[in-house]
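Please read it alongside the sequence and the structure shown here.

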Amino acid sequence: MRTPTSRPLRVCLVGATGRMGTLIAREAPGERFEISGAVAGPGDSRLGKTLRELGARDSDTKVSPPSSLAGLLRKSDVCISFTNAQAEVSNLPTIVEGGVPYVSGTTGLTPQQRKEANSALTGKIPAVIASNFSVGANLLIAMSAALKALPQGFDVSIVEAHHSGKVDAPSGTALSIAQQVSKARGYTKTVSGRSGASKRAPDELEVVSLRGGGTPGIHTVYAFGPHEMITLEHLAFSRSSFALGALHAAEWVTAEGREPRVYGMADVVGLRL
Ligand code: NAD
């Protein structure tokens, strides 16, 4: 485990050429972070290019294929990974073996894949896994638990909007909100839209996904009562809120004495309910 030191935290960045990876490389202040390794998918056209050539950072670190991951982890203090579900699952054994703390924002893993990943990590390395690294969105997730206080007769619906390139739906954040809301309101089913004769049943939570343009992420929770309604909303102005949250998590998870288990962003920002 890392002890307090004045040298920058060495980050092995997996998914380094992606929207999030590029932004993390760009946003990480040089006095606190060094990108010691950069990994992209096996077919990525930017393999072999330096982060400088990619316009991501003033750094000679080259983008390497996943086969270089084990070696790059050996010269890193932490691994930050934003890839896709399949890549995340296939890189995980190497990351666990590498033994450095792990921060992952990849979404779209099935509940079974998530369960297997958590058990592979527990007892081995400290990890922060979050579907949303922004502090504000985590506050929204925590606040959703308060909907428990509303009387029966209130119906809750969740709407999320993201850019047209997003693969998974609903978003990981919407699923985290849905989990809190279902616990708070006793919902046992989720429906993802309506058409035709489709009246709402009392045990149904609505979760609706919209995809379009460059939207970085909007999550809205509606609590519709018979005579009033409440709206809770988080809107990310840019992906920088996620990048900075992931970097904050990397510093947090490498602190001395962190137990080898899976944490959430709620632990990092002290919002655990
Ligand atoms: P992207 O498609 O722009 O980038 C994917 C990156 O993964 C690329 O660099 C690609 O080369 C790399 N990759 C593919 N296969 C790989 C492999 N086998 N090994 C290593 N790298 C591999 O995606 P993005 O928009 O940057 O999003 C990445 C993930 O992060 C998605 O799951 C997205 O939903 C999620 N995300 C999470 C948050 C959050 O706050 N948790 C925020 C935004 C996006």
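## Basis of the description

A polar contact is a pair of N or O atoms within 3.5 Å; within protein, one must be able to donate a hydrogen and the other to accept it, and residues adjacent in sequence count only if both atoms are side-chain atoms. The model is predicted: local features need pLDDT of at least 70 and side-chain atom pairs count only at pLDDT 80 or more, while totals for chains, interfaces and linings use all residues. Residues are numbered from 1 along each chain as its sequence is written, and side-chain values use heavy atoms, with hydrogens and water left out.

## Contacts of the ligand

A nitrogen atom of the ligand lies 3.1 Å from a polar backbone atom of serine 131. A backbone N or O atom of alanine 130 is 3.0 Å from a nitrogen atom of the ligand. Arginine 19 places a polar side-chain atom 2.9 Å from an oxygen atom of the ligand. The ligand taken alone exposes 880 Å², of which the protein buries 83% (accessible areas come from the Shrake-Rupley method with a 1.4 Å probe; for residues, only the protein chains shown count as cover).

## The shell around the ligand

There are 28 residues around the ligand, and Thr17, Arg19, Met20, Asp44 and Thr107 come nearest (a residue is near if one of its heavy atoms lies within 4 Å). The shell comprises 12 nonpolar, 12 polar and four charged residues (Ala, Val, Leu, Ile, Met, Phe, Trp, Tyr, Cys and Pro count as nonpolar, Asp, Glu, Lys and Arg as charged, and the others, Gly among them, as polar). At least two shell residues come from each of α1 (19-27) and α3 (85-98); helices (H or I, at least four residues) and strands (E, at least two) are DSSP runs, numbered from the N terminus.

The ligand takes up the space of the second largest pocket. A pocket is an open set of points on a 1 Å grid over the protein atoms alone, where a 1.4 Å probe fits, with protein on both sides within 12 Å along at least five of seven lines; lining residues have an atom within 4 Å of a point. A molecule sits in a pocket if more than half of its atoms lie within 2 Å of its grid points. The second largest pocket holds about 950 Å³ of space (grid points are joined across faces, edges and corners, and a volume is the space filled by probe spheres set on the points). Of its 44 lining residues, Arg19, Met20, Phe82, Thr83 and Thr107 are closest to the centre. α3 gives the most to this lining, with five residues.

The largest pocket contains about 1,200 Å³ of space. Among its 34 lining residues, Ser131, Gly172, Leu175, Ser176 and Gln179 are closest to the centre. α6 provides the largest share of this lining, seven residues.
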